[in-house]
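Please open the model in your viewer and keep the selection tool at hand.

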Amino acid sequence: MAKSGAPEIVTLSPTQLDELLAKLAGLLPAEIYQLVEKSLRTLQWLMGLIEAKETSLSRLQRLIFGAKTEKTKQLFPHPPAIFQTTAMTAAPPSKRKGHGRTAAAGYTGAKRVRVTHPQLRPGDACPGCKKGKLYVLKQLGQLVRISAQPLFVATRFELEKLRCNLCGQLFTAPAPKEAGLGKYDPQVGPMLGYLRFGTGLPHYRLDRMQADLGVRLPASTQWELMAQTGQALEPVHETLITLAAQGKVIHNDDTTMRVQSLAKEAGPVDKRPERTGIFTTGLISEVEDHTIALFVTGHRHAGENLDQLLARRAVDSPLPIQMCDALSRNPSKEFQSILANCLSHGRRQFVDIVQNFPEQCQRVLQDLGQVYKHDAQAKELALSPEARLWLHQQHSQKIMDELKAWMHQQLDQKLVEPNSGLGQAFNYMFKHWEPLTLFLRQAGAPLDNNVCERSLKMAILHRKNSLGYKTQNGARLGDTFMSLIHTCRLCAANPLDYLCTLQRHAKEALEHPVEWLPWNYPSDTS
């Protein structure tokens, strides 16, 4: 059946709509008339929102479908009495400490200037009481001043030239030491990579901004400087991949990506490759006390990229725990692992249908909320994986068992239609119950894959702002930068300082890359 064209848009004023409804009132049965009236008035309201200049698509979506949130307290702001627990009926929690502003100690990247008292010194007589002596306090007074400057500044050194009026010989003033050996400071390339792949700033926007500020930095030049920096990062990136393969817990997921050169390979139907989709896979590996983030862009799915990673795993290593959602393309196909599925995805099955089945969904969400509270307690107490497992077995096991029995009861007693949205959510939980509840049987098994999904926001931000990559080489460079930047964030290291350090010590990092990882690099060397 051929697609029909766009319908003719008819615009009615409020008066014309009232006249039309008055005519229909005598022609249609009461029930049908009410339905037609609500439909037409809804359409009129919707068209008014679309025509309003201040209405954005996101605001229109919220007005029609409601706010997008998965927090139980926002989904159910006024829970019925039957769901209120003792904790909920107790006194409201106290306000969080703090004033919302960043303390002086939080400015870890600020330049420090020690200011001594202009008149007084330790040991001097107190000018107040005239009797005591002054001594220095360990706690200093703190003042923070933040200034603005362009991202890239230029210094033009104007070298004086002298010429002999007799022989014509030319004498030029030597360049000062601060002029450096090249036009671009070694920190420019790392900063460009951090802006492009760490914050999602495209080249053309930076080019426009720098042109406005009088220091032009063309997009082509930006790419050349980033590519040079990428060569210095590659040895450490390869070392991170090998270390990540030895992880005890490995998270994986993917998102779509655009690579122009790979998209062109599709071509005619008879010449297309086996798979035309392009993805960026995020891999988060927990290795001892460190967490490593890796990004891989290409035709391969998350499970296939996990296979590429596990191929580097030591043969005698124990089976890793693999955390992913329940998509069939995510688990490893070539290597064995202990599969865990994301409990947040199971929870989201009920969040999506909460408007249609509020009471049943509230029961599920509150039970899962208790499980997450127990996991938060384990993190707050810094429990070992074995102690955390014991905590869940003592407190979360009963909750999950009772939840499963209740869902079976709802279906067995035909209180829920199996093909309804709620029935499908129940069946999703039953189908993946074992990997969803691995945290009750395996020490170190996480509850969800949120850490990996959050990491993919870097790739999504790049896809939205830069519309993807032009070539596969550019995608590899982006994967390298993103992997190192996000690994720095996960281990609380300064990403820009780390990239600049690797650029300055490229030779040392090439010879001993293990000594130049984000958690152990010597940042104070020069």
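The tour begins with the whole chain and then moves to a sheet and several helices.

**Before selecting anything**

This is a predicted model, in which local features need pLDDT of at least 70 and side-chain atom pairs count only at pLDDT 80 or more, while totals for chains, interfaces and linings use all residues. Residues are numbered from 1 along each chain as its sequence is written, and side-chain values use heavy atoms, with hydrogens and water left out.

**Stop 1: the whole chain**

Show the protein chain as a cartoon, and you will find 19 helices and seven strands, where helices (H or I, at least four residues) and strands (E, at least two) are DSSP runs numbered from the N terminus. Of the 526 residues in the protein chain, 35% are buried; buried means under 20% relative accessible area, exposed over 50%, and partly exposed in between, with a 1.4 Å probe and protein chains only. If you switch to a surface, the protein chain exposes about 34,200 Å², of which carbon and sulfur atoms supply 54%; such areas come from the Shrake-Rupley method with a 1.4 Å probe, and for residues only the protein chains shown count as cover.

**Stop 2: the five-stranded sheet**

Select β5, β4, β3, β6 and β7, which form an open sheet in that order with mixed pairing; two strands pair if DSSP finds at least two bridges between them. The edges are β5 (290–298) and β7 (338–341), each with a single partner strand, so one side of each is left without a neighbour in the sheet. Neighbouring strands of this sheet are turned by 20 degrees against each other on average, direction ignored.

Three bridges join β3 to β6, which run parallel, and V249 stands opposite I321 in β6. Four bridges join β6 to β7, which also run parallel, and here I321 stands opposite I338 in β7.

**Stop 3: an enclosed helix**

How many of the eleven residues of helix α6 (residues 188–198) are buried? Ten are, so α6 is largely enclosed by the rest of the structure. Just after α6, G200 takes a positive phi of about 80 degrees.

**Stop 4: α8 across α18**

Now select helix α8 (residues 219–244) together with helix α18 (residues 495–504), which pack at an angle of about 95 degrees with their axes 9 Å apart. Axes are lines fitted to C-alpha atoms, for helices over the stretch in contact, and angles run from 0 to 180 degrees between N-to-C directions. That makes α8 roughly perpendicular to α18, given that angles under 35 degrees count as roughly parallel, over 145 as roughly antiparallel, 65 to 115 as roughly perpendicular and the rest as oblique. To see where they meet, show Q228, T229, A232, L233 and V236 in α8 with Y498, L499, L502 and Q503 in α18; contact means heavy atoms within 4.5 Å.

While α8 is selected, look for Q231, which is found in this helix and is exposed, with a relative accessible area of 63%. Draw a distance from Q231 to L477: they are 246 residues apart in sequence and 9.0 Å apart in space, C-alpha to C-alpha.

**Stop 5: α12 beside α13**

Finally, select helix α12 (residues 358–380) and helix α13 (residues 385–412), which pack at an angle of about 170 degrees with their axes 9 Å apart. These two helices, α12 and α13, are therefore roughly antiparallel to each other. Residues that meet include Q360, R363 and V364 in α12, and R388, L391 and H392 in α13.
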